[in-house]
Amino acid sequence: MDKQSVTEILARHADQLNSGKKLESGILPTTIAVNQDEVASLLAIATRLKGALKPVSIPARFRTHLRDELEMAAQHRTSQKFLIEQHDSAWGWLIGAAALGSAAGLIAFAIRSKQSRQSIAHVVPETAQTN
Amino acid sequence: MGLTDTEEGLLIERAKGDAQAFGLLYERYVDRIHNYVFYRIGDAREAEDLTARVFYRALAHIDDYRQRGAPFAAWLYRIAHNLVANWHRDKGRKHDVPLDDFVMIAEKGDGPDRLAERDEETGMLLNAVRQLPEERQQLLILKFVEGHSNAEIGRIMGRSEGAVKSLYHRTLIALKNDLSDKI
């Protein structure tokens with residue numbers, strides 16, 4: 001029996017174990033005797049695993065308590081996020097206003113220096129003429 | 001709670017800013033995560049503690065979660081895996097298994113001798129499972145505890161269905177070899 005066939009048989013067997021249906025008697029092709037013992041032992045381990053790995057139930061009190069705590073933490077987190085966002089946006093406005101103020105100051109300074117340069121240039125030739 | 005991928009995506013987006021939506025996500029996944037953690041560490045009390053930590057971490061990082069093919073379950077299992085790995089590393093308890101917690105599944109109606117025998121067999125098997133590499137343990141838990149199909153397991157583990165089947169085959173062989181060494 002090739003490896004791929006064995007893989008498929010094991011997968012089908014596991015599905016049957018999970019569905020709770022009675023196992024197909026012909027899951028192992030009887031015409032192929034090679035490796036049949038090997039496959040049978042793997043199927044036996046799978047059956048034992050299904051018997052051993054059963055869902056465990058979580059204690060109801062723990063479950064409810066944890067949900068309440070998580071919801072409280074989630075609420076706290078949401079309100080913190082809101083505060084941080086508010087804080088961030090307030091800082092954003094402040095920084096924006098400061099930047100605008102600086103930019104306006106710079107422009108005013110530039111215009112003023114340009115004007116004062118022009119007026120000096122205008123005065124210098126007059127002084128030269130009087131001399 | 002049966003939800004389509006789209007509905008779950010919407011719930012996750014809501015949960016980023018709505019405590020009750022996060023509560024619904026918790027209800028949807030708490031049993032699965034608890035089962036996963038329990039079978040990875042084999043201690044009921046510690047499993048509760050780690051389950052709580054998984055959800056607190058998920059809450060802290062839910063803004064980072066983006067639904068890009070990998071389901072939310074895979075993201076939660078990844079958090080659980082990391083916490084379990086840290087737990088094993090910090091406590092150095094990988095080989096210290098409290099079998100009393102593990103073996104709670106013997107069928108009623110068995111006589112005391114049969115129960116003891118069954119407990120021993122089950123304990124040995126579960127110990128062998130816990131010696132497997134992490135992805136093989138996850139596969140067995142998803143398959144037998146959660147009852148997922150190979151396709152679903154593939155989505156959670158980020159593998160193809162064929163790769164999941166092959167991994168399952170190799171896992172059974174490894175278990176068989178391990179158990180035959182011990183008998």
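## Where the two chains meet

About 4100 Å² of area is buried between chain B and chain A, and carbon and sulfur atoms give 64% of that area. Keep in mind as you look around that this is a predicted model. Chain B brings 47 residues to the contact, while chain A brings 40 residues.

## Charged and polar links

Six salt bridges are found across the interface of chain B and chain A. To see a salt bridge for yourself, find the side chains of Arg77(A) and Asp63(B), which meet at 2.9 Å, N to O. Between chain B and chain A there are also 16 residue pairs in polar contact, counting pairs with both residues at pLDDT 80 or more.

Which helices of chain B each supply at least two residues of the side that touches chain A? They are H2, H3 (44-61), H6 (112-130), H7 (134-145) and H9 (161-182). H2(B) gives the most to this side, with 13 residues. Sorted by kind, the residues of the side of chain B that touches chain A are 26 nonpolar, 11 polar and 10 charged.

## A helix with two sides

Now turn to helix H1 of chain B, residues 5-15, where Glu8(B), Gly9(B), Leu11(B), Ile12(B) and Ala15(B) are buried. Looking down the axis of H1(B), you would see these buried residues fall within an arc of 160 degrees, so they line one face of the helix.

Thr6(B) and Leu10(B), on the other side of H1(B), are exposed. Helices H2 (19-41) and H4 (72-91) of chain B are among what covers the buried residues of H1(B).

Note on methods: Residues numbered from 1 in each chain as written. Chains lettered and ligands numbered in written order. Predicted model: local features only at pLDDT ≥ 70, side-chain atom pairs only at ≥ 80, totals over all residues. Heavy atoms only, no water. Buried < 20%, exposed > 50% of the residue type's maximum accessible area, 1.4 Å probe, protein only. Helix = DSSP H or I, 4+ residues; strand = E, 2+ residues; numbered from the N terminus. Arc of directions from axis to C-beta. Contact = heavy atoms within 4.5 Å. Buried area = accessible area lost by both parts, 1.4 Å probe. Salt bridge = Lys/Arg side-chain N within 4 Å of Asp/Glu carboxyl O. Polar contact = N/O pair within 3.5 Å; in protein donor to acceptor, adjacent residues only side chain to side chain. Nonpolar A, V, L, I, M, F, W, Y, C, P; charged D, E, K, R; others polar.
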